[in-house]
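Trainee: I am new to this structure, and I would like to go through it with you step by step.
Mentor: Gladly; let us look at it together and take one question at a time.

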Amino acid sequence: MEPMPRSLRILTGVTIVLLAAALYMVFIYAPREAVMGEVQRVFYFHVSAGWVGALAFLVTAVAGIVYLARGGLHWDRLAVSSVEIGVVFTLINIVSGSIWARPTWNTWWTWDYRLVTATVMELIYIAYLLLRQGIEDPDRRARFAAVFAIVGFLSVPLTFLSIRLLPTIHPVVIGSNDPSAQGTFDMTPRMLRAFMFSLLTFTFIYATLLWHRLRLEGLHQQIEQLKLRIAG
Amino acid sequence: MHFQDATADTLNYMILGYAVILGAMALYVLSLWIRTRNARRDLTALGELESSPRA
C-alpha cells in the first residue's frame with residue numbers, strides 16, 4: 001500500500017489542532033449558560049455531530065447518483081465510507097442529545113418528532129450497511145446501495161425540518177423562537193463563535209476520517225483482486 | 001413568590017456527554033486503525049502466497 005500522502009498527514013495534524021482549539025472554546029472561551037448550567041456545553045458538539053451525519057449522508061446520496069449516471073465502483077466506495085462515518089456521528093448526536101435532555105426535559109427519551117425522525121434516519125443507514133453485506137456481486141451491490149442511499153436521504157431533510165414544521169419540545173437554537181420548546185437559549189457572541197468553530201472542526205474531522213476510510217476501502221479492493229488472481 | 005435565581009448544577013451530565021462524544025470518536029478512530037493494520041497484514045500474506053511457487 002502507498003504510504004500516507006503528505007496532504008493527508010497535514011490534514012490529520014490540522015484536524016487534531018482544530019479539535020484541541022474547539023475544546024478550548026467550548027470549555028473555556030464560551031460562557032456558562034445561566035439556566036441550564038454546564039450541560040448546555042454539550043450543545044456545541046451535539047449539533048456538530050448531527051451536522052457531520054447529515055453531510056455524510058448527503059455525500060452518500062450524491063455518490064449514489066453519480067454512480068448510477070456514470071458507473072465506477074470508486075463512487076460506491078465513497079458512499080459506503082461516508083455512510084459509516086455518518087452512522088457513527090448520528091449515534092453520537094442522538095446519545096449526547098439524550099444526555100442533554102435528562103436534566104433539561106427531566107427524561108432520557110421522549111417520543112418527540114425530532115428524536116423519532118433522527119432515530120429512523122440512523123436505522124435506515126444501519127440497514128444500508130447490513131444490506132450491503134448480503135450482496136456478493138460488487139456491481140449489483142453498488143447499484144442497489146445507490147438507489148437505497150438516494151431514497152434513504154429523504155430522511156435527512158425530514159429530520160432537519162421536523163423541529164421547524166411540527167410541534168416539538170426540541171429547541172431550535174437558530175431561526176426560531178418557538179415558545180413550546182424546552183431547553184432553548186439565546187446565544188451570546190462567544191457562544192456563537194464557539195458553535196461555528198465546532199461546526200468547522202467537525203467538518204475537518206469528517207474530511208479526515210473519510211480520507212482514511214477511503215484508503216481502507218482501497219486496501220479491501222486490492223485484497224479482493226489478489227484473492228481472485230490467486231484463485232484463478 | 002419564588003424565583004429561580006441559581007444556575008442548575010449539571011456538571012455531571014456535561015462530563016458524561018463529552019465522555020460519550022470523545023469516547024465514541026476515539027473508538028471509531030481505533031477501529032479504523034485496527035482494520036487498516038489487519039488489511040495490510042492480509043495484503044502482505046496474500047502477496048507472499050501469490051509470489052510463492054505453486055506445489
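## Helices and chain contact

Mentor: In helix H6 (residues 155–165) of chain A, the buried residues are Val156(A), Thr159(A) and Ile163(A). Please keep in mind that this is a predicted model.

Trainee: Why are the buried residues on the same side of H6(A)?
Mentor: The residues in question are Val156(A), Thr159(A) and Ile163(A), which are buried. They lie on the same side of H6(A) because the arc that they cover around the axis is only 75°.

Trainee: Which exposed residues does the face of H6(A) turned away from its buried side carry, and against which helices do the buried residues pack?
Mentor: On the face turned away from the buried side of H6(A) are the exposed residues Pro157(A), Arg164(A) and Leu165(A).

Trainee: At roughly what angle do the axes of H3 and H4 of chain A cross?
Mentor: H3(A) passes H4(A) in a left-handed crossing. The axes of helix H3 (residues 73–105) and helix H4 (residues 113–133) of chain A come within 10 Å, and the angle at which they cross is roughly 145°.

Trainee: How many nonpolar residues are on the side of chain B that touches chain A?
Mentor: In the contact between the chains, 24 residues of chain B meet 32 residues of chain A. The residues on that side of chain B divide into five charged, five polar and 14 nonpolar.

Conventions: Residues are numbered from 1 along each chain as its sequence is written. Chains are lettered from A and ligands numbered from 1 in the order in which they are written. This is a predicted model: local features need pLDDT of at least 70, side-chain atom pairs count only at pLDDT 80 or more; totals for chains, interfaces and linings use all residues. Two residues are in contact if their C-beta atoms, placed from the backbone, lie within 7 Å. Ala, Val, Leu, Ile, Met, Phe, Trp, Tyr, Cys and Pro count as nonpolar, Asp, Glu, Lys and Arg as charged, and the others, Gly among them, as polar. Axes are lines fitted to C-alpha atoms, for helices over the stretch in contact, and angles run from 0 to 180 degrees between N-to-C directions. Helices (H or I, at least four residues) and strands (E, at least two) are DSSP runs, numbered from the N terminus. A crossing is left-handed if the near helix is turned anticlockwise from the far one by less than a right angle, and right-handed if clockwise. A residue is buried if 20 or more other C-beta atoms lie within 10 Å of its own, exposed if 12 or fewer, and partly exposed in between; C-beta atoms are placed from the backbone. The arc is that of the directions from the helix axis to the C-beta atoms.
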